[in-house]
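Opening the notebook on this one. I'll jot down what I look up as I go.

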Amino acid sequence: MVYQDPFLSLNPRRTILKTVGEPFVIHKVARGIEIRKQVLGLVKSVGLQEEHLYRYPHEFSGGQRQRIGIARALALNPTFLILDEPTSALDVSVQAKILNLLKKIQAHYSLTYLFISHDLSVIRYMSSRIGVMYAGQLLELAETKELFSNPLNPYTQALLSAVPVPDPNKRRKRIILGGRVPSLINPPAGCRFHPRCSYAMPICRKEKPELKNVSKDHFVACHRI
């Protein structure tokens with residue numbers, strides 16, 4: 001897993017060699033000089049150098065710390081990585097570099113990513129398939145191109161209407177949601193989005209909608225569909 005905050009996810013008392021090398025120690029897959037060799041290969045694969053091995057987290061920038069987190073996640077040759085808002089704590093210019101690095105690593109190691117983010121432009125760039133969630137409930141699931149061109153759930157439609165259009169001469173009709181995000185400790189019954197949905201029906205307040213296949217690889221949880 002690669003965490004949102006690259007500083008809090010690293011032990012401030014450990015050098016990068018010990019941090020990235022820890023999985024090898026715990027799982028007993030390498031020892032001594034072999035660990036250093038493996039760690040060096042990992043840090044180089046994320047754009048760092050041998051001189052960085054003996055430094056501590058506070059000696060790195062935010063982007064470099066996130067690269068260290070990525071190197072640690074790759075330590076045991078995984079096939080599946082969970083990336084929890086991996087760029088939200090970084091500057092925009094650094095975000096682009098980290099996203100491109102993740103793309104490169106994904107292709108090189110044939111990885112599957114579960115990429116969690118609230119930034120739809122990042123999601124569109126990184127994902128081949130997108131699941132839209134609201135208050136812990138999956139409301140829509142589709143291929144990226146299909147979701148952006150044909151959103152069916154009211155919440156997905158509202159989300160996409162808020163995406164800025166990079167053209168000052170074009171305007172997009174915004175869907176403004178009323179109400180507030182519900183408490184996750186005590187979520188509303190039925191569809192969790194119904195208190196803010198302009199299409200809500202009586203059944204929405206009572207029954208949780210099932211995820212239905214409405215077309216090829218496009219699934220929607222909504223009573224009106």
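Burial first. I'm working from a predicted model, and 40% of the 225 residues of the protein chain count as buried. Along the principal axes, the C-alpha trace spans about 65 × 45 × 35 Å. I also looked at contact range: taking contacts with a separation of 6 or more, 54% come from residues 24 or more positions apart.

Next, the element list. I get seven helices and six strands, and from the N terminus on they run α-α-α-β-α-β-α-β-β-α-α-β-β.

Helix 1 against helix 2. I looked up helix 1 (residues 16–26) and helix 2 (residues 33–45), whose axes come within 9 Å and cross at roughly 115°. The crossing is right-handed. On the helix 1 side, the contact uses I16, L17, V20, G21, F24 and V25; helix 2 brings I35, R36, Q38, V39, L42 and V43. Sorting these residues by type gives me nine nonpolar, two polar and one charged.

Aromatics. How many aromatic pairs are there? I count three. I wrote up two of them.

Y134 with Y155 is edge-to-face, with 4.8 Å centre to centre and 65° between the planes. Y134 lies in strand 3 (residues 129–134) and Y155 in helix 7 (residues 154–161), so this pair ties together parts that are 21 residues apart in sequence. I checked burial as well, and both Y134 and Y155 are buried.

Y155 also pairs with F193: the ring centres are 5.2 Å apart and the planes are at 55°, so I log this pair as tilted. It links distant parts of the chain, since Y155 is in helix 7 and F193 is in the loop between helix 7 and strand 5 (211–215), 38 residues apart. Both Y155 and F193 are buried. Put together, Y134, Y155 and F193 form one aromatic cluster.

Helix 7 itself. Is helix 7 largely enclosed or open? Six of its eight residues are buried, so I put it down as largely enclosed by the rest of the structure. The buried ones are P154, Y155, T156, A158, L160 and S161. What covers them includes helix 5 (120–126), strand 3, strand 4 (137–143) and helix 6 (144–149).

Charges over rings. I have two entries here. The charged end of K103 sits over the ring of Y125, 5.0 Å from the ring centre. The charged end of R224 sits over the ring of Y199, with 3.9 Å to the centre.

Last stop, P78. Where is P78 found? I find P78 in the loop between helix 3 (62–73) and strand 1 (80–84). Leaving aside neighbours within four places in sequence, P78 is in contact with A73 and L111. I also took the C-alpha to C-alpha distance from P78 to S110: 9.6 Å in space, for two residues 32 apart in sequence.

Notes
Residues numbered from 1 in each chain as written. Predicted model: local features only at pLDDT ≥ 70, side-chain atom pairs only at ≥ 80, totals over all residues. Heavy atoms only, no water. Axes fitted to C-alpha atoms, helices over the stretch in contact; angles between N-to-C directions. Helix = DSSP H or I, 4+ residues; strand = E, 2+ residues; numbered from the N terminus. Left-handed = near helix turned anticlockwise from the far one by under 90°. Contact = heavy atoms within 4.5 Å. Nonpolar A, V, L, I, M, F, W, Y, C, P; charged D, E, K, R; others polar. Phe/Tyr/Trp six-rings, centres within 6.5 Å; stacked < 30°, edge-to-face > 60°. Buried < 20%, exposed > 50% of the residue type's maximum accessible area, 1.4 Å probe, protein only. Lys NZ or Arg CZ within 6 Å of the ring centre and 35° of its normal.
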